[in-house]
Amino acid sequence: MAIDRFGRNIHYLRISLTDHCNLRCLYCMPEDMTFRPNADLMQDDEILLFTRMFASLGFDKIRLTGGEPTVRANIVDIVRGISSTEGIRSVSMTTNGVLLKKLAQPLADAGLQRVNISIDTLNTEKFKRLTRWGKLPDVWEGILAAEKAGLVPVKLNAVIVKGYNEEDVLDLAALTIEHPWQMRFIEMMPFAGATDIQVNHVITMKQIQDNIESEFGKLEVANDGKMDGEAQVFHIRGAKGDLGFISSVTQPFCSACTRARLTADGKLRLCLLREKEVDLLTPLRAGATMDDLRRLILDGVWGKPWGHGLADGIIPLNRVMSEIGG
Ligand code: SAM
Ligand code: SF4
């Protein structure tokens, strides 16, 4: 079992399969982003070996992310390999949904259980502006394909950016009235190069919730008031789905954190918003034994930071979001 020095049992691993992406969301990466060469990324067999190793240390929950995980070659085989690893009981994915129309069913057949799909607005022009060239209908078809393939409950993610989509939270929230989906609103976080967008266009979760309640009335507490992962969950009275609020900046949930991240270049990242990392891929390629690697993981987890330092102005500068795996 992997325990940190604060007694938290870390058993949830987010694996970034690639830093590459087929979109360029304004809040995530620059338009002229340079991606790592494929040789620097974990190869398929290395991903599966690390999965087995983490599973042997009690990790039982995997989320595949990126960059955009669906642009990774052999994604269906990778999912099949991970989902059939002994000890892994949950495999999910965070995706922009662009390729899901084609991939949802093969991924479900390979053992993927759920998806979170990013959709920041229902307005095609605004969607294009936020993603720099994305086509909203592709994502919408991806959502429907995911639901049809049984990747449920479908969860949708929206990062809210002042001046871009703060009014769109109403349309997005309204989706849950007729659909049994969870619409999750995410506070924008600052990363390397903390861009003007990330610093000056932040909307707090309280502002988002107030806006939604002014339209739909007081929200009802859902999920018996318990967090669903990192989200506080509510619903609009009579709605089929839920609303999730992820307030990583204004109300961090660090005390309940059970996760670690494996970056696409094979570094164990202990906190999304702290620079501390432990290189696993270089030792693996240099011939480290499985016991050496397990020790590196356990020591890394032990030293997991308590939480982020955004309130003290500490921003992680060594990577942008897409390189870490959101
Ligand atoms: N490409 C996939 C996607 O967009 O869903 C997976 C990777 S993306 C980095 C994971 C999540 O991080 C997405 O929901 C995205 O909206 C969110 N994200 C990206 N940059 C962010 C930022 N600066 N602050 C908060 N969330 C961010
Ligand atoms: Fe790509 Fe996801 Fe980042 Fe958007 S949020 S640029 S889809 S990795």
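**Ligand shells, a helix pair and local backbone features**

N74 lies in the loop between β2 (61-65) and α2 (75-83), where helices (H or I, at least four residues) and strands (E, at least two) are DSSP runs numbered from the N terminus. The model is predicted, so that local features need pLDDT of at least 70 and side-chain atom pairs count only at pLDDT 80 or more, while totals for chains, interfaces and linings use all residues. Residues are numbered from 1 along each chain as its sequence is written, chains are lettered from A and ligands numbered from 1 in the order in which they are written, and side-chain values use heavy atoms, with hydrogens and water left out.

The phi angle of N74 is near 60°, a positive value in a residue other than glycine. Most residues other than glycine have a negative phi, and most peptide bonds are trans. A cis peptide bond joins V152 and P153, with omega at about -5°. P153 is located in the loop between α5 (136-148) and β5.

Ligand 1 is surrounded by 20 residues, of which Y27, G67, E68, S118 and M189 are the closest; a residue is counted as near if one of its heavy atoms lies within 4 Å. By class, this shell holds eight nonpolar, 10 polar and two charged residues. Here Ala, Val, Leu, Ile, Met, Phe, Trp, Tyr, Cys and Pro count as nonpolar, Asp, Glu, Lys and Arg as charged, and the others, Gly among them, as polar. A polar side-chain atom of S118 lies 2.6 Å from an oxygen atom of ligand 1. A nitrogen atom of the ligand is 2.8 Å from a polar backbone atom of M189, and a backbone N or O atom of G67 lies 3.0 Å from a nitrogen atom of ligand 1. Of the 550 Å² of accessible area that ligand 1 has on its own, the protein covers 95% (Shrake-Rupley method, 1.4 Å probe). Two or more residues of the shell come from each of β3 (90-95), β5 (155-160) and β6 (182-187).

Around ligand 2 are C21, L23, R24, C25, C28, M29, G67 and N96. This shell divides into five nonpolar, two polar and one charged.

Helices α1 (residues 44-56) and α10 (residues 290-302) pack at an angle of about 65°, with their axes 10 Å apart. Axes are lines fitted to C-alpha atoms over the stretch in contact, and angles run from 0 to 180 degrees between N-to-C directions. The contact (heavy atoms within 4.5 Å) is made by L49, M53, F54 and S56 of α1 and by M290, L293, R294 and I297 of α10. These comprise six nonpolar, one polar and one charged residues.

Key:
A polar contact is a pair of N or O atoms within 3.5 Å; within protein, one must be able to donate a hydrogen and the other to accept it, and residues adjacent in sequence count only if both atoms are side-chain atoms.
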